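Subject: Structure for your review

Dear colleague,

Please find below the sequence and structure that I am handing over to you. My findings follow directly after them.

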Amino acid sequence: MQQEQNSVKKNLRKELDLIFVKNPVWVTGLALAPAVVGSFTVKNGVGLSLVFGMVTIPVLVVSSFLGMLPKKVPQYARTAICAVVAALMLIPARLLAGGIAPNLFDSLGMYFSVVALNTVWIVRAPLCQEKKPQWALWEGVCQTVGFSICVLVVSALREWLAYGTFGGNSTVLSVKFPAVAYAFAGFITVGVTAAVLRWCVDRSRDVVASVRRQQKKWRTQR
Amino acid sequence: MNNTLIGIFSLLLTALVLQNAVFSRALDITSLLVLPGGRKGLRQFGLILTGITTAAALFAALLNPLISQWENVQYLRPVVYVLILTLLYGIVCFLLNWKKRDWFHDHSMLLTMAFFNCAAYGAMALTVYSGFHWLESTVYGLGIGLSFLLAVFLLEQGRRCMSICNIPKAFRGLPAELVYVGLISLSLYGLVGHQLAA
Amino acid sequence: MLQYEPKAPYVRNRDSAFTVMMDVVIALLPLYFMAFYFYGLRALMLGLASVAAAVVSDFVCILLEGKKPYFRDISSVVTGMMLPLMMSAATPYYVVVSASVFAVVFVKHVFGGVGQSAFNPAAAGFAFAVACWPVQVFSYPAPFSSLEPFGTISAGLSSGPAWNLFQGGVPANDILDLLLGRFLGPMGLTNILVLATCLFYLLFRGAISWQAPAAFFGIMVLAMLLFPRIPESGPMSLVYEATTGMWVFGGIFMLNEPGTLPKRSSSRLAYGALAAVFTILFQRFGRAEQTFAFALLLTNVFSFTLDRYSERLLRRLRRVYLATRTKLSEKKSAQRA
Amino acid sequence: MSGNFTRGIILEQRKEPALRRKLRTFLNANYAGMLFESDLPYDGAALSGKQIIEIARLARIVDERDGLFLHEKLEKARRMNVKVVVGDAIDDEPYVSSQLNPLLFLKKEAGGGLRLAAKAVGNPKIYFAIYKNLSDLDLKTKLPKDIDGVEIRRIHGRYPAEFRTMDDFDSHGPAVLIGVCSLIHLYRAVYEHRIQSTCFVTVAGICVANPTNLEVSIGMTPTQLFERCGLAEEPGYVVIGGSMTGAICEDPDSYLVGTMSRAVLALRDEEKKRRYQCIGCGRCAEVCPENLTPFYINRYIELGKYETLSFYDIHRCIGCGTCSYICPSKIDIAENIKLAKIEMKRRRHEKEGD
């Protein structure tokens, strides 16, 4: 019983790493295309995260169910089923996006649909076949949160610098950098924020390690 | 005849440089940056991708007149495209699994990444947005694939150059490469000007 | 006895990294003098703001990297001095400052600081400024018009002869005015005679090598003479392009930036030629009136590769040379025997 | 003349006061007794080639160019049927004139020694080789056209000239280079049956009051030499060998000057060592006489990527130090390359050992 609880905790914690330490975009470099070009306003960022969640979570869950199929079914057939699911999930995502903001689809253009073919599920779906459905669901949620955080941070930064606004509301910024909304600035912004994240993670690791060392010292002194 | 040739050539150049799939649209940047297998793997991937984008663009152009009469076509178009890709993927995998089992076993992940990919989808979507007929869209699809190969070539130079740079620890690897690609994109900006990525 | 251990050789050249950079700074000073002569105090203030921004951001970056700050390195001063010269004298301060911050932080220090930059910082900074504020960068005040050092500019701004060329027309300026730099243009690089003097100073001092500029200017001049982009004769086109284009300044100062220039002399020739080809292509098909900075950024990508190919060629030649030499000597000894 | 177009650096020679001054002797007490026993006659003309080689062996003469025994060198040259014997007085490094000065002041011994060596090898052509630098306009000593009837060839061009000497004599056929000092010792061995117990050393440097060339007994210490020539000030550091390729002498009181020393320099600890970062100017590649790219070699050494170094042909490096000389950032490129070569050899041995 104790062991089971421990493993549950361990699993929960392991997937939580996806939010910062193993962030799918910043650290692993998956699903970069929408994060780089699509995210130049916060609205776009919200839209992208929404589609990402609506596509990735079901696909990962379905993939874990596909793991229960007999071994005779080849891997490529399973991937194809996942792709079909992803494509079908675009329809409700589109409807939902239209409900939130009518012009969201137009401002995202191609990148709205490109999210359906994001590399996160292409890489993770085969690995999710060995997982139980609830863990696949949890992983999908964590991936979505990680992706959303990245996209929201990048898009907020870019919108603020490019248009001097935040989610459409004007803020205090006397100088605007219109070029930050362009594709090249997207690359640079994602790169620099990734470096900042890595720097923070390294720093926090150092801090945690030093705290642990200190605790050990006290314990041995006692 | 001459005019069509010139038109096709200029279209190819446009797809290669002016609307480079990687530098101005960031399509497929993930496979460019994180695909394992080194230089050789990336080149192989680029070749496979070129074939796929060409075929996908051709199919999209052929299917476009059929589906454009549907109701709510803008809802269904992406779905149809992904389904076409899936179908192509299934057929190719089946054939390869049947005929060249060993090769397929080694390269199945590469193939999956190349099929379910922004570039393949982008080739289909962009040809339809631009209203090309089938020859033009095939050339455009080829151009997208070739532009990925061009990006592979440029990034190879960048990786070599960065291998002797004393890059700060936080930037090493992915972030520095992203900034590098961004600066190449900036240099191409002088050629393109600002065009909204469709 | 010794604080440190000196290593062989014990006699060293007097030039140091400081003096090499200082030569470039000295070569840039006459351009600032010209800018001051044409546009008054504002030109100098722009330069000062840019240099200050570059130095401060350089300092901050070095501290962030956890290195020791190091005041003998003045490469950021050079970057900061180059940037405003390429822009209009009426450019707002924030344009200049953000361009130099971009150049130092996102181009120089991301790739490891001085001497290791994969891209030319000044070119990237200028490209960023053009991408963000093309209007501010490319609308020029008339020379000798009084500009307020601070605050908004009251003098009228308009586009210069470079814009005419970009549009495919012939500028209406007097040739003498063009040669003396009295036309609407970037604040520091209109006078081609001063630029030529700077080139000769740098070459004479050994601060730059002759290969890259020779190949670059050779091809550029040939292209301008043979394939003019405006309906004019070759020599006239050359005069128009050389006086109004940024490529003359760029070929002297930015192309020869030591960090991005290839190291072998043969690859320097190829690099200059490649830069010229890209410059011409960007000029013809580009979407801005000054595209040299963009072309140079693309050329920088190939710097390391050119060196590598040059090295590979040299290796091959060396092997062939050694093989033939041993063969010859064997033949000789066989004859003697 | 072809040397004028080679790569390299133009160096200030700084030979002058030492080169102009007379060669002085500074010997210890037992110099007079250093003779070997032999029945051979004290006459060069009466000796056969083999006998001369035997005398060189008995006198234990060491060539100061490369540290080989003279008799071994001569024997090898005899076997190879050498066409040219060159008396080497190429002091291409600044301050050093310990071959040139004896050549000018001991003309008879040098010329005679070269003739003897030529006889030992089998009567080929003979020349002396002197370095003619592009910048030695300040040289007050007139260099003669011939020494004791032997023609002087001048090696032209920029600093690393010694490794180029062979190319100048290549047209004649195989050549052998012998240092002038060992030729003088050969002459003495033949005519006086004297064992080599002395060597020629330049004592110079900014801190030396009277820079001079000395003939000293082997086994003196640098401190003694400085006492002989006088120190203008306390030296910052002492260098044994040339100013370009020599080594630091850690302890001038106990180091023993030998045949290969060539020069003892007392240099001022002038400027504080300023360390700059590499600015990537590529001057090292411009001056490298072997046409290597020291910039990349140094960068890869710093990164520890030793496997790439063979691509840049690091084994062709002759260690002349031009790259370190020219470097505006004062990086010790030549030293780094030297250490890297040792490290690469060690790794190769380790690999073979496994």
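How many residues of chain C are in contact with chain D, and how many of chain D with chain C? The model, which is a predicted one, places 47 residues of chain C in contact with 63 residues of chain D.

**The contact between chains C and D**

Five pairs of chains are in contact, and among these pairs chains C and D share the most contacts. The two chains bury about 4,700 Å² between them, with 50% of that area on carbon and sulfur atoms. Seven salt bridges are counted between chain C and chain D, together with 27 residue pairs in polar contact, where both residues have a pLDDT of 80 or more.

On the side of chain C that touches chain D, at least two residues each are supplied by helix 1 (17–39), helix 13 (265–285) and helix 15 (303–336) of chain C. Helix 15 of chain C provides the largest share of that side, namely 13 residues. Sorted by class, the side of chain C that touches chain D holds 20 charged, 19 nonpolar and eight polar residues.

C:Asp15 pairs with D:Arg283, and their closest N and O atoms are 3.1 Å apart. D:Asp313 forms a salt bridge with C:Arg318, with the closest N and O atoms 2.5 Å apart. D:Asp313 lies in the loop between helix 10 (294–303) and helix 11 (322–326) of chain D, while C:Arg318 lies in helix 15 of chain C, so this pair joins two chains. Are D:Asp313 and C:Arg318 buried or exposed? Both residues are buried.

**The contact between chains C and A**

The contact of chain C with chain A takes eight residues from chain C and nine residues from chain A. About 720 Å² is buried between chain C and chain A, and carbon and sulfur atoms account for 85% of it. By the rule applied, zero salt bridges are found across this interface. One residue pair in polar contact is counted between chain C and chain A, both residues being at pLDDT 80 or more.

Helix 4 (93–109) and helix 5 (121–132) of chain C are the elements that give two or more residues to the side of chain C that touches chain A. Of these, helix 4 of chain C gives the most, with four residues. By class, that side of chain C has seven nonpolar residues, one polar residue and no charged residues.

**Chain A on its own**

Chain A does not touch chain D, and the nearest C-alpha atoms of the two chains are 22 Å apart. Chain A contains nine helices and two strands. From the N terminus, its elements follow the order α-α-α-α-α-α-α-α-β-β-α. Along the principal axes, the C-alpha atoms of chain A fill a box of roughly 60 × 55 × 25 Å.

Chain A has 222 residues, of which 52% count as buried. Considering contacts in chain A between residues at least 6 apart in sequence, 73% join residues at least 24 apart.

**Salt bridges within chains**

Over all chains, the count comes to 35 salt bridges. Side chains of opposite charge can pair when their charged atoms come close. In chain A, a network of salt bridges links A:Glu15, A:Arg124, A:Lys131 and A:Glu139.

In chain C, C:Arg182 forms a salt bridge with C:Asp177, and the closest N and O atoms are 2.9 Å apart. C:Arg182 counts as partly exposed because its relative accessibility is 34%, and C:Asp177 likewise counts as partly exposed, at 22%.

In chain D, the side chains of D:Glu54 and D:Arg57 meet in a salt bridge of 2.9 Å, N to O. Where do D:Glu54 and D:Arg57 lie in chain D? They are three residues apart in helix 2 (residues 49–58) of chain D, so about one helical turn separates them. D:Glu54 is partly exposed, with a relative accessible area of 31%, and D:Arg57 is partly exposed at 40% relative accessibility.

Yours sincerely

Key:
Residues are numbered from 1 along each chain as its sequence is written. Chains are lettered from A and ligands numbered from 1 in the order in which they are written. This is a predicted model: local features need pLDDT of at least 70, side-chain atom pairs count only at pLDDT 80 or more; totals for chains, interfaces and linings use all residues. Side-chain values use heavy atoms; hydrogens and water are left out. Contact means heavy atoms within 4.5 Å. Buried area is the accessible area (1.4 Å probe) that two parts lose on being put together, summed over both. A salt bridge is a side-chain nitrogen of Lys or Arg within 4 Å of a carboxyl oxygen of Asp or Glu. A polar contact is a pair of N or O atoms within 3.5 Å; within protein, one must be able to donate a hydrogen and the other to accept it, and residues adjacent in sequence count only if both atoms are side-chain atoms. Ala, Val, Leu, Ile, Met, Phe, Trp, Tyr, Cys and Pro count as nonpolar, Asp, Glu, Lys and Arg as charged, and the others, Gly among them, as polar. Buried means under 20% relative accessible area, exposed over 50%, partly exposed in between (1.4 Å probe, protein chains only).
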